[in-house]
Amino acid sequence: MTDLVINKIQEAETVEEEKRYPLADMEENRRYFSEVADLLLSREKEKNGFGTLQEKTIHEVIKDFYCYDHDFQEQKRGRYIADIAIEDHIWEVQTRAFHRLRGKLSAFLPEYHVTVIYPVAVEKKIYWLDQETGKITGGRRSPKKGNAYDVFRELYAIRPYLSDPNFSVHVFLMDMEEYKLLNGWSADKKRGAARYDRLPGSLRDIVRLDQKDDYLSFLPDNLPEEFTSLDLAKCAHISRNTAQTCLLILRDLGIVELTGKKGRSNLHRITL
């Protein structure tokens, strides 16, 4: 077990006194995340070999990063199981499909502060696993790069909950290695192939959306006073569809408002 993990466990007699991650110091967050990831991966390989978690590795590493004490993981609260539950706070790691959170959020938010943690692959390498031989090939870097704006296509599915004072989102920006099975329908078996697992690389940053003002970070300083979704797309270097979804959610939160039209496009301005 690595020093940072040992220190984290030993430095407090109770979980309430334990140093909580993420900290404000991103360098320490990165170091600790790397050690937690290495520890989990080495433990799984020793027990069962590569890929035993199957699609859950990122989920498990992030849970251990936020709370290494497994006594507080997979806790039942009412009808649902929370990824992490400590007193009046719940953490849920959701890698996709936020619509699946609606039931939990409806049940948890009246009684608990809920933080949803969403991992985003900033850079990703693709590997291929041949199930017959066990051989792994590839290592090609994916041309697609993720960023914090990716969270908006997921937040759209839970819009009614975003303004709840008990709701937070942490966008976990990290590098990943993605392993796919050679079981697709094309001649090389890659098209239509199933994803087997994603393994963690380096932690880049954590964008914390704990209160309404935090969403202002998605509005670049070089936006004009009144702006369209196309203006946001150009200033933030994102697609127009992403910019439109972002502005729709920011309007719901009261961070921007409609001021009129510019041609066929809506004009917005910041209200905070």
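Trainee: Let's start with Tyr 21: buried or exposed?

Mentor: Keep in mind that this is a predicted model. Tyr 21 is buried, at 5% relative accessible area.

Trainee: And Tyr 32, buried or exposed?

Mentor: Tyr 32 counts as buried too, with a relative accessibility of 0%.

Trainee: How many aromatic pairs are there?

Mentor: The count comes to 16 aromatic pairs. Tyr 21 and Tyr 32 make a stacked one, because their ring centres are 4.0 Å apart and the planes sit at 15 degrees.

Trainee: Which parts does that pair tie together?

Mentor: Tyr 21 is in the loop between α1 (3-10) and α2 (26-48), while Tyr 32 is in helix α2, so the pair ties together parts 11 residues apart in sequence.

Trainee: What about Phe 65 and Phe 172, what kind of pair is that?

Mentor: Phe 65 and Phe 172 are edge-to-face, with 5.5 Å from centre to centre and 75 degrees between the planes. Phe 65 belongs to helix α3 and Phe 172 to strand β6 (residues 167-181), so this pair ties together parts that are 107 residues apart in sequence. Both Phe 65 and Phe 172 are buried.

Trainee: Which residues form the aromatic cluster?

Mentor: One cluster is made up of Tyr 21, Tyr 32, Phe 33, Phe 65, Tyr 66 and Phe 172.

Trainee: Which side chain does Lys 63 meet in a salt bridge at 2.5 Å, N to O?

Mentor: That's Glu 74. The pair links distant parts of the chain, with Lys 63 in helix α3 and Glu 74 in strand β1 (residues 73-77), 11 residues apart. Glu 74 counts as partly exposed, at 42% relative accessibility. Lys 63 also forms a salt bridge with Glu 60, where the closest N and O atoms are 3.5 Å apart. Lys 63 and Glu 60 are 3 residues apart in α3, so about one helical turn separates them.

Trainee: How many salt bridges does the structure hold?

Mentor: It holds 13. Glu 27 and Arg 30 form one of them, with the closest N and O atoms 2.6 Å apart. Both residues lie in helix α2. Glu 27 is partly exposed at 45% relative accessibility, and Arg 30 is partly exposed at 27%. There's also a network of salt bridges linking Glu 123, Arg 141, Lys 145, Asp 175 and Arg 204.

Trainee: New topic: where is Phe 98?

Mentor: Phe 98 is in the loop between β3 (89-93) and α4 (102-108). Phe 98 is buried, with 0% relative accessible area.

Trainee: What is Phe 98 in contact with, leaving aside its neighbours within four places in sequence?

Mentor: Its contacts are Val 116, Tyr 118, Glu 154, Leu 155, Ala 157 and Ile 158. The C-alpha atoms of Phe 98 and Tyr 118 are separated by 9.4 Å.

Trainee: Last one, α6. How many of its residues are buried?

Mentor: 6 of the 8 residues of α6 (residues 229-236) are buried, so the helix is largely enclosed by the rest of the structure. What covers those buried residues includes α7 (240-252) and β9 (265-270). At the start of α6, a side-chain oxygen of Thr 228 comes to within 3.3 Å of the backbone nitrogen of Leu 230. His 237, with a positive phi near 60 degrees, follows α6.

Conventions:
Residues are numbered from 1 along each chain as its sequence is written. This is a predicted model: local features need pLDDT of at least 70, side-chain atom pairs count only at pLDDT 80 or more; totals for chains, interfaces and linings use all residues. Side-chain values use heavy atoms; hydrogens and water are left out. Rings of Phe, Tyr and Trp (its six-membered ring) pair if their centres lie within 6.5 Å; planes under 30 degrees apart count as stacked, over 60 as edge-to-face and the rest as tilted. Helices (H or I, at least four residues) and strands (E, at least two) are DSSP runs, numbered from the N terminus. Buried means under 20% relative accessible area, exposed over 50%, partly exposed in between (1.4 Å probe, protein chains only). Contact means heavy atoms within 4.5 Å. A polar contact is a pair of N or O atoms within 3.5 Å; within protein, one must be able to donate a hydrogen and the other to accept it, and residues adjacent in sequence count only if both atoms are side-chain atoms. A salt bridge is a side-chain nitrogen of Lys or Arg within 4 Å of a carboxyl oxygen of Asp or Glu.
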